[in-house]
Amino acid sequence: MRIGVLTGGGDAPGLNAAIRAVVRRSMQYGYEVIGIKRGWAGLLDMDYVRLNRDAVSGILPKGGTMLGTSRTNPFSNEVDQKKLVENIGKLGLDVIVSIGGDDTQSVSSKLSDLGFKVVGIPKTIDNDLYGTDRTFGFDTAVSIATEAIDRIHTTAESHQRTIVVEVMGRHAGWIALYSGLAGGADVILIPEEPFDVDEVCSMVKKRYEEGRKFAVVVVAEGAVPKGIPDFFTRSAEKDAFGHVRLGGIGEWLEKEIEKRTGIETRSVVLGHVQRGGSPTAFDRVLATRFGLAAVDAVKQGNLNVMVSLQGEKITTIPIKEAVKANRIVPEDMRWLAKAFSP
Ligand code: F6P
């Protein structure tokens, strides 16, 4: 059995833990593992490395991915699609284990339609992959954002300022909701609920009137004000999966709050800091369990699936299920974003 493993899309803490688990479990079963570099791009360029126990030694606590990653979409044109199919054959891969979010798994799903065998492992700091209760990377991102919000509190309080913290989260507000709750933010804004800027300003003002002369607003990059249907974007250019680069909502809010309330306001974008560095113990364990389960699925002939966390259990779902929608914050949890609003 020859397994190809790759990491695609935005990196997330825990990728190395997952790669290590895939390799270590494969060694136990006597399988060969080929590490494809830079996501699907490595399959197009035949850029790969043989992975054995030594190759993955010491990578468990490291951030990023030892294989590199990219947002390459091999199905974006026919030439690449043909090359992809040919190269999987040339490498003699029996199964591809794709570690990634919805874009990466959508490529795996298409490969399964073409008759290839795949097993997906869900990762993204956004926690927005359908069919799993959790993706690895999320816990680390929330911890980093929470620590940042704690730090923002002390400087906001010292200067009697309002500070807007923009966190990642394209379609789903999981990071904003969790870090906002954990960090005690006064206002939490998520993409799932368009917000009223007047209401945000009233909340900030009320807090000052109540004698707490500073405020912290946490906003997901994908949050939108009512009446402005489009995301705030850094550039109109789209990646291979059709995504624009989000960003700018924090700065926009900073200006609006200051203009409408007269309160001195600043904004900070946490950006890629949320994706960097060592994974939390939770993410290491989850990524490890996913990696082991992916190879076990191969062993059991349970293919064209994505491993998934359901409650405390690791199980599998058809890969087609996993890519059918984003997992956004459900309606019955959204009230939490307002639970501590002034
Ligand atoms: O997909 C995860 C994510 O971190 C999103 O939250 C964010 O919008 C995007 O990646 C940023 O992508 P890039 O690394 O390409 O700037």
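What you're looking at is a predicted model.

**Where the domains meet**

- On the domain 1 side 17 residues are in contact, and they touch 16 residues of domain 2.
- Interface size is often quoted as the accessible area lost when the parts come together. For domain 1 and domain 2 that comes to about 1400 Å², with 55% of it on carbon and sulfur atoms.
- The rule picks out one salt bridge across the interface of domain 1 and domain 2.

**Helix α1 against helix α9**

- Helix α1 (residues 15-29) packs on helix α9 (residues 281-299) at an angle of about 35°, and their axes are 7 Å apart.
- The two cross in a right-handed way.
- From α1, the contact takes in Ala17, Ala18, Ala21, Val22, Arg25, Ser26 and Tyr29, while α9 brings Arg284, Ala287, Thr288, Gly291, Leu292, Val295, Asp296 and Lys299.
- Sort the residues of this α1 and α9 contact by type and you get eight nonpolar, three polar and four charged.

**Helix α7 against helix α8**

- Helix α7 (residues 197-209) and helix α8 (residues 249-261) have axes that come within 10 Å and cross at roughly 65°.
- Here, too, the crossing of α7 and α8 is right-handed.
- Val197, Asp198, Val200, Cys201, Val204 and Lys205 make the contact from α7, and Trp252, Leu253, Glu256, Ile257, Arg260 and Thr261 make it from α8.
- By type, the residues in the α7 and α8 contact come out as seven nonpolar, one polar and four charged.

**Salt bridges**

- Side chains of opposite charge can pair when their charged atoms come close.
- How many salt bridges does the structure hold? The count is 20.
- One of them joins the side chains of arginine 275 and aspartate 11, at 2.8 Å from N to O.
- Another links glutamate 86 with lysine 82, whose closest N and O atoms are 3.7 Å apart.
- Glutamate 86 and lysine 82 both belong to helix α3 (residues 78-91), where they're four residues apart, or about one turn of the helix.

Key
Residues numbered from 1 in each chain as written. Predicted model: local features only at pLDDT ≥ 70, side-chain atom pairs only at ≥ 80, totals over all residues. Heavy atoms only, no water. Axes fitted to C-alpha atoms, helices over the stretch in contact; angles between N-to-C directions. Left-handed = near helix turned anticlockwise from the far one by under 90°. Contact = heavy atoms within 4.5 Å. Nonpolar A, V, L, I, M, F, W, Y, C, P; charged D, E, K, R; others polar. Buried area = accessible area lost by both parts, 1.4 Å probe. Salt bridge = Lys/Arg side-chain N within 4 Å of Asp/Glu carboxyl O.
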